[in-house]
Amino acid sequence: MAEEEGPTVELRQRKKLKTSENKESVKEEKISDTPVPERAPKHVLFQRFAKIFIGCLAAVTSGMMYALYLSAYHERKFWFSNRQELEREITFQGDSAIYYSYYKDMLKAPSFERGVYELTHNNKTVSLKTINAVQQMSLYPELIASVLYQATGSNEIIEPVYFYIGIVFGLQGIYVTALFVTSWLMSGTWLAGMLTVAWFIINRVDTTRIEYSIPLRENWALPYFACQIAALTGYLKSNLNTYGERFCYLLMSASTYTFMMMWEYSHYLLFLQAISLFLLDSFSLQQSDKVHEVYKIYIFSLFLGYLLQFENSALLVSPLLSLVVALMLAKCLQLNVKKGTFVAKIMKVINFYLVCTLTVTLNIIMKMFVPHKENGHMLKFLEVKFGLNMTKNFTMNWLLCQESLQAPSQDFFLRLTQSSLLPFYILVLIICFLSMMQVIFRRINGKSLKETITLEDGRIGGRPEIIYHVIHTILLGSLAMVIEGLKYLWTPYVCMLAAFGVCSPELWMTLFKWLRLRTVHPVLLALILSMAVPTIIGLSLWKEFFPRLMTELMELQEFYDPDTVELMTWIKRQAPVAAVFAGSPQLMGAIKLCTGWMVTSLPLYNDDDLLKRNENIYQIYSKRSAEDIYKILTSYKANYLIVEDAICNEVGTMRGCRVKDLLDIANGHVVCEEGDKLTYSKYGRFCHEVKINYSPYVNYFTRVYWNRSYFVYKINTVISFQS
């Protein structure tokens with residue numbers, strides 16, 4: 001038995017040896033099959049390092065140069081360094097003056113905690129009204145700027161105003177750098193980033209409002225949104241390694257939350273981005289898990305913002321939260337069905353319908369149970385804007401007359417065409433869109449596509465990050481075609497997408513594959529064109545526009561407004577500290593900044609009560625009696641009234657959009673539409689009549705100061721009716 005067992009034992013041992021050898025061979029095969037870190041030659045590694053280093057250096061340099069350019073242009077435009085403090089502050093117009101005034105208040109506060117408390121319980125700005133200025137006006141940039149100014153010891157080195165505008169200009173540099181990086185990530189060459197920056201600066205009239213109003217919320221917020229888009233672009237790339245993916249995820253999380261804190265309308269912009277990602281996910285473009293990770297970032301940012309923004313209910317009832325929750329629920333209900341089958345196509349349609357229905361339902365439910373301030377004026381404005389309703393309301397018609405809320409003019413498209421931006425953008429968008437549709441139809445039909453796309457494939461529409469950008473730019477462009485003010489969100493996108501396209505060999509290869517080019521090797525031609533076309537564009541832009549930019553920096557412009565300076569000086573010297581001033585909202589913002597006195601209204605349009613105040617105060621330019629105007633002003637505890645000659649005798653704007661015309665329409669003093677009866681007011685226009693100094697106007701108002709532009713009247717507390 002022992003002798004018989006010997007061979008069997010040997011056989012077993014041999015089998016074990018064979019199996020172990022097989023396993024080792026399989027392991028060796030797997031190891032050989034798995035991508036081993038490339039042992040590239042030193043010169044190749046050096047080339048890669050040099051490419052990344054030069055690209056990063058170019059990106060940072062572009063941002064710094066743009067920030068310095070803005071600073072120099074601002075100095076030349078306003079002669080800022082040669083002005084007194086009062087004259088500098090007057091350059092902040094409208095709502096910009098309000099934002100900067102609160103920055104000044106924070107610096108004057110004995111402590112940061114006390115300053116925040118006074119802003120959150122503010123009763124020294126608007127008469128008879130206590131407001132949480134931090135929440136209502138999104139003053140987090142001012143809080144951060146004031147902390148940095150004092151914590152860094154900058155109060156011993158630089159004046160507060162220079163520190164403030166320096167931060168904003170620095171953020172604009174980050175904005176440009178983020179656009180540079182995004183275009184670089186999409187095209188693979190930093191040449192696209194350089195072209196993006198060139199187009200952005202040349203078309204800066206349509207890409208940013210930094211020249212007109214520095215403290216605007218969008219100037220603080222959009223740089224963070226650009227960083228978020230750059231991080232999202234890298235995150236969606238298929239060939240990203242683990243460390244790069246983590247970095248992009250963290251950057252995206254931080255920039256999304258910061259963007260949401262800086263601008264009250266940020267969640268609407270993120271809503272458009274979420275729609276783009278939802279469509280990307282619906283087309284099964286290999287990035288479903290990553291897209292749902294972005295949804296989690298949205299939810300985290302919304303709830304954290306809700307807690308830190310004094311329980312801001314607007315975030316809970318925002319369409320972004322409803323859409324993201326609907327998408328998460330729909331994913332839980334999704335069934336695993338084989339792709340390409342008829343059942344899978346039906347499930348896609350059902351899923352799309354389910355998400356849309358759930359989004360609307362959840363939003364309605366949230367608005368029913370969450371107490372919030374409904375932006376009724378915005379809904380009414382959209383109804384009138386799209387012709388769904390007609391109104392004689394002063395506020396609605398005044399908003400419709402604002403240039404930023406009208407459709408883009410022909411000059412806008414002409415400027416983009418002259419800089420060659422619009423033609424190349426349209427070319428790039430058409431190629432990417434058609435390639436995207438081609439890939440989508442192939443996936444719907446169940447055809448297998450390669451996961452890794454090479455240059456020879458000529459299939460640029462198969463890259464998830466490209467699909468996202470195409471959908472997003474179409475959504476933003478559609479809105480910009482309706483409201484001109486939204487062009488500042490779309491035009492930077494246009495610069496980035498157009499530059500990526502002309503510098504991308506994949507885009508040219510996609511075009512050549514459609515054309516079935518055979519005379520010349522298409523890959524070689526695509527590589528040549530991706531270098532030659534942007535170089536030619538860059539040289540032509542340099543030749544035509546660089547001298548103009550240098551001329552702008554050389555020209556000394558002058559901002560001279562002596563009448564406003566005299567008015568502010570008189571108020572600070574003659575008016576009592578407890579006085580309350582009434583006038584146009586834009587002027588009230590300047591008075592609050594330059595003097596610190598209390599006012600009756602502010603140039604803010606996100607609060608129904610302030611809008612109603614603005615409409616009532618504007619009645620000083622209507623055809624109403626002195627007694628009516630007196631009752632309106634005293635109801636807001638106003639002590640002084642300021643009449644602006646520029647509004648009272650306004651002739652420059654289009655008839656029907658002047659303040660006095662809109663007031664006459666609202667008060668029924670002119671014919672508004674066919675069929676209306678013509679009615680006359682038995683009173684003259686108040687702003688004209690009060691200047692004549694006759695009864696009954698002198699009984700209610702006493703003129704105490706005037707110059708060429710402003711007339712200041714003291715509102716009498718004791719009325720004497722003398723003939």
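These are my notebook entries on a few spots I looked up in this predicted model.

**Entry: the cores**

I started with the nonpolar packing. The largest nonpolar core takes in 166 residues. Inside this core, the residues with the most contacts are L277, F581, I591 and I642. For background, nonpolar side chains in soluble globular proteins tend to be buried together.

Leaving out residues up to four places away in sequence, L277 touches L232, L236, V291, V294, Y295, Y298 and Y468.

**Entry: S322**

Next I went to a serine. S322 sits in helix α16, which covers residues 319-333. Is S322 buried or exposed? It is buried, because its relative accessible area is 3% and the cut-off for buried is under 20%. I looked for a polar partner and found N363: the two side chains make a polar contact of 3.2 Å. N363 also shows up in the contact list of S322, along with T359 and L362, once neighbours within four places in sequence are set aside.

**Entry: the sheet**

Then I traced the strands. There is an open sheet of five strands, in the order β2-β1-β3-β5-β4, and the pairing is mixed. I wanted to know which strands are at the edges. They are β2 (598-599) and β4 (701-706), each of which pairs on one side only. The neighbour of β4 is β5 (residues 710-715); the two run antiparallel and are joined by five bridges.

Helix α27 (residues 585-594) lies across β1 (580-582), β2, β3 (640-644) and β5. Relative to β3, α27 runs at about 125 degrees.

**Entry: the rings**

I finished with aromatic pairs, and the count comes to 35. I opened Y69 and Y73, which form a stacked pair with 6.2 Å centre to centre and 20 degrees between the planes. How far apart are Y69 and Y73 along helix α2? They are separated by about one helical turn, because they are four residues apart in α2 (residues 42-78). Both count as buried: Y69 has a relative accessible area of 9%, and Y73 comes in at 11%.

F80 and Y162 gave me another kind of pair. Their ring centres are 5.7 Å apart and their planes sit at 90 degrees, so I logged the pair as edge-to-face. I also noted what this pair ties together: F80 is in the loop between α2 and α3 (85-90), while Y162 is in helix α8, so the linked parts are 82 residues apart in sequence. F80 is buried at 1% relative accessibility, whereas Y162 is partly exposed at 22%.

Last item for the page: ring pairs link Y630, F686, Y694, Y697, Y700 and F701 into a cluster.

How values were computed. Residues are numbered from 1 along each chain as its sequence is written. This is a predicted model: local features need pLDDT of at least 70, side-chain atom pairs count only at pLDDT 80 or more; totals for chains, interfaces and linings use all residues. Side-chain values use heavy atoms; hydrogens and water are left out. Buried means under 20% relative accessible area, exposed over 50%, partly exposed in between (1.4 Å probe, protein chains only). A polar contact is a pair of N or O atoms within 3.5 Å; within protein, one must be able to donate a hydrogen and the other to accept it, and residues adjacent in sequence count only if both atoms are side-chain atoms. Contact means heavy atoms within 4.5 Å. A nonpolar core is a set of buried Ala, Val, Leu, Ile, Met, Phe, Trp, Tyr and Cys residues joined through side-chain atoms within 4.5 Å. Two strands pair if DSSP finds at least two bridges between them. Axes are lines fitted to C-alpha atoms, for helices over the stretch in contact, and angles run from 0 to 180 degrees between N-to-C directions. Rings of Phe, Tyr and Trp (its six-membered ring) pair if their centres lie within 6.5 Å; planes under 30 degrees apart count as stacked, over 60 as edge-to-face and the rest as tilted.
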